[in-house]
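Let's take a friendly walk through this structure, from a single helix out to the contact between the chains. Please keep the viewer open as you read.

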Number of protein chains: 2
Amino acid sequence: MSNPRTNIAALHAYTPGEQPQGAEARRVVKLNTNESPYPPSPRAVEVLREMSADALRRYPSPASRELCEAAAELHDLQADQVVATNGGDELLRLALTAYAAPSSDAAPSGRGGIGVTDPTYSLYPVLAATHGCSVTVVPRTEAFDLHEATAQRWNDAGCAVGFVVNPHAPSGKLLGFGRLAELARAFHGVLVVDEAYVDFAAHDALGLIRGADALPNVLILRSMSKGYGLAGLRLGYGLGSAQLIGVLHKARDSYNVDAVAQAVGGAALRDQAYARTVWQKVKDERARLAETLREMRFDIGDSHANFVLARVPADLGTTADKLYEALKAKGVLVRYFDAAGLSDRLRITVGTAEQNNRLIEEIAEAIAAPVAAGGDA
Amino acid sequence: MSNPRTNIAALHAYTPGEQPQGAEARRVVKLNTNESPYPPSPRAVEVLREMSADALRRYPSPASRELCEAAAELHDLQADQVVATNGGDELLRLALTAYAAPSSDAAPSGRGGIGVTDPTYSLYPVLAATHGCSVTVVPRTEAFDLHEATAQRWNDAGCAVGFVVNPHAPSGKLLGFGRLAELARAFHGVLVVDEAYVDFAAHDALGLIRGADALPNVLILRSMSKGYGLAGLRLGYGLGSAQLIGVLHKARDSYNVDAVAQAVGGAALRDQAYARTVWQKVKDERARLAETLREMRFDIGDSHANFVLARVPADLGTTADKLYEALKAKGVLVRYFDAAGLSDRLRITVGTAEQNNRLIEEIAEAIAAPVAAGGDA
């Protein structure tokens, strides 16, 4: 009787990108997990420094009230259209908890599961496996566009929740607002638009949940990890109709966001001037990095995120996995996915100008001596 | 299709005790949610003040490695016997996620649910409702002891997880180690021993998971909220066999504990000298408070927690709910539960000597003039 549920026993947990700690963390150029290369707002750091011992001692606001008010004001919504979460990941989990039907089966199947596109953020299917529900996968096109039958296939499978990360990970591709609206209208379940990377994009999806035509089945995810340099704080939030958000409030843990994250995150959100400066710097560097890598014959699509997906051309004299290892040996971490359609590419976080220069130098060197590590030249 | 699961739609979310914020928080004497009346360790506060902006910027250690090592050293366990969580509440949820079987039913029933005693921490059944599994309730005796058939009834109902809060909430009663071991051996599921209040108790249950006779089905919960004055930080951890803890690591969110909680919580754990001083002060005040209230004819059992449960005698000229309201009107918050077996009692957190004196004065005044607020005298 004290065996875990079959879905948990069989679970392959999510594999985060390497997170070196301590001294090692200070040595490496870390371009593998899409953190901001810039520190958070000085105002946010000041709030951290000035936290009272009393704020640690007392329970925080259960519903993160002030933080939700700050987010609502920023996005021109009402506070009851916001739920704050322990990282964006908690919001994703809550969407499953509240809307997806677990099956008691070892191999979950059947209606009430989740729909995803492929490739996508690899946590979605892990959350489904943890919850014990089915996953319906609709491949993206070669250019990482949505398959035109995405909503129909999700509906046919009876999906209760659909996940679209936009800008897309790991390509950085941004779907047009109209295409997203069309998907949301056609899909019968809750559509989660995961905007973890939207701070670096040309437009967002907030129009879907505002005004007279607001769609009640759209849940927008925002993260403080990338655009606000607060990955260590674990803070995200969800935006949607008051009804949908009310359901997620019921499903969350009683005090899901700590007092530090509420205060520091709120200060960061209110310092939009600083945030916008950071976003512009990342976008400028993204353009320069992409251009330089293209000159080195890498194939790179338009990215609206704080990373680029670089395809290694077949005749470059190395492969994506070898290049990943060569860079790692030199202390430069990027992300390699051993998955269909991605195994010839590297996902590279946009760093500071200095970090990007270092990356480019190391790539140039690795390309110039592709078999140096092999020992059989 | 975009309706929530039936169990979520029907859910009555957990009601936290009142948490006044801002100026109101500074005015009231807050003896309603069992926070420590003392600030956290000065070393922990120092770690908070010295957090680098870089620690906020980067993702934290996914498995809270250093914190788990500190807890393992403190409790004479191995680091793989520890899982850190976003408050103890997350650990409770993870036990359900990993071991309890959700039913697709509107009114969950059937095997694989949870077992609780009654009364108990009111979050357990809320978590079960959120998960969508059944709850088997075995009443405690009038003296808040375990019913002798607890394990048998849980087994008969096919419970996958049993919850015992020890010291007991809301009575403060401590079960003997032998009684707990007997329950753990007789129960066929995972027994969660919720030791949120154990820092104020005469003994703990760690002997159940240490040494050659360690029981593989026991999960011990620890919280930093009460004994370490860190309720605002949301930090708890679970202790058990490496196998059981490994299952919970798989079920948790990828980065479930933020960098601040890991660093500050670790510093607090390592400052045992400070913690023990605080615990002793609380125990001394608990004895004094209980004695004084008994002199005022309240009925109070032995408490091993940082609160006392005070029964209002029938002939005192007031009732528990009226006394709760009268105290609240004077700015003293205590906890009243409108539930069978509890409606004639108040749960009062042990405060500082000054806070306890104020409480006692206000109670004396309310008893002296029980109908003052009624206006019909």
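Predicted model: local features only at pLDDT ≥ 70, side-chain atom pairs only at ≥ 80, totals over all residues.

In general, an α-helix has 3.6 residues a turn, so residues three or four places apart point the same way. A:Arg179 is partly exposed at 23% relative accessibility, and A:Glu182 is also partly exposed, with a relative accessible area of 48%.

What about the buried residues of H9(A)? They are A:Leu180, A:Ala181, A:Leu183 and A:Ala184. These residues lie on the same side of H9(A), because they cover an arc of only 160° around the axis. Their cover includes helix H8 (150-156), E5, strand E6 (190-194) and strand E7 (218-223) of chain A.

**Salt bridges**

Over all chains, the count of salt bridges comes to 44. Here are some of them, with the N to O distance for each.

| Pair | N to O distance |
|---|---|
| A:Glu195 and A:Arg222 | 2.9 Å |
| B:Lys330 and B:Glu365 | 2.7 Å |
| A:Asp253 and B:Arg93 | 3.0 Å |

In chain B, a salt bridge joins the side chains of B:Lys330 and B:Glu365. B:Lys330 is in the loop between helix H13 (320-329) and strand E11 (332-333) of chain B, while B:Glu365 is in helix H14 (residues 353-368) of chain B, so the pair ties together parts 35 residues apart in sequence. B:Lys330 counts as partly exposed at 39% relative accessibility, and B:Glu365 is partly exposed with a relative accessible area of 45%.

Back in chain A, salt bridges also form a network that links A:Asp299, A:Arg311, A:Asp344 and A:Arg345.

**Where the chains meet**

How many residues does each chain bring to the contact? Chain B gives 79 residues and chain A gives 79 residues. Between them the chains bury about 6,400 Å², of which 56% is on carbon and sulfur atoms. There are 2 salt bridges across the interface of chain B and chain A, one of them between A:Asp253 and B:Arg93. The same interface has 35 residue pairs in polar contact, both residues of each pair being at pLDDT 80 or more.

On the side of chain B that touches chain A, at least two residues each come from helix H1 (6-9), helix H3 (42-49), helix H4 (53-57), helix H6 (88-99), helix H7 (123-131), helix H10 (242-251) and helix H11 (259-270) of chain B. H6(B) supplies the largest share, 7 residues. Sorted by class, this side of chain B has 42 nonpolar, 22 polar and 15 charged residues.

**Backbone features to look up**

Most residues other than glycine have a negative phi, and most peptide bonds are trans. Against that background, the bond joining A:Ala169 and A:Pro170 is a cis peptide bond with omega of about 10°. A:Pro170 is placed in the loop between strand E5 (161-165) and helix H9 (177-186) of chain A. In chain B, the peptide bond from B:Asp118 to B:Pro119 is cis, and its omega is near 0°. B:Pro119 is in the loop between strand E3 (114-118) and H7 of chain B.

A:Asp76 is not a glycine, yet its phi is positive at about 60°. This residue is in the loop between helix H5 (65-75) and strand E2 (82-85) of chain A. A:Asp76 is exposed, with a relative accessible area of 59%. A:Arg297, also not a glycine, has a positive phi of about 80°. A:Arg297 is placed in the loop between helix H12 (272-295) and strand E9 (299-300) of chain A and counts as partly exposed at 43% relative accessibility.

**Two buried asparagines**

Is A:Asn356 buried or exposed? With a relative accessible area of 0%, A:Asn356 is buried. A:Asn356 lies in helix H14 (residues 353-368) of chain A. Not counting residues up to four places away in sequence, A:Asn356 touches A:Glu285, A:Arg288, A:Leu289, A:Thr349, A:Val350 and A:Gly351.

B:Asn155 is in helix H8 (residues 150-156) of chain B and counts as buried at 14% relative accessibility. Leaving aside neighbours within four places in sequence, the contacts of B:Asn155 are B:Arg111, B:Ala186, B:Phe187 and B:His188.

Conventions: Residues numbered from 1 in each chain as written. Chains lettered and ligands numbered in written order. Heavy atoms only, no water. Contact = heavy atoms within 4.5 Å. Buried area = accessible area lost by both parts, 1.4 Å probe. Salt bridge = Lys/Arg side-chain N within 4 Å of Asp/Glu carboxyl O. Polar contact = N/O pair within 3.5 Å; in protein donor to acceptor, adjacent residues only side chain to side chain. Helix = DSSP H or I, 4+ residues; strand = E, 2+ residues; numbered from the N terminus. Nonpolar A, V, L, I, M, F, W, Y, C, P; charged D, E, K, R; others polar. Buried < 20%, exposed > 50% of the residue type's maximum accessible area, 1.4 Å probe, protein only. Arc of directions from axis to C-beta.
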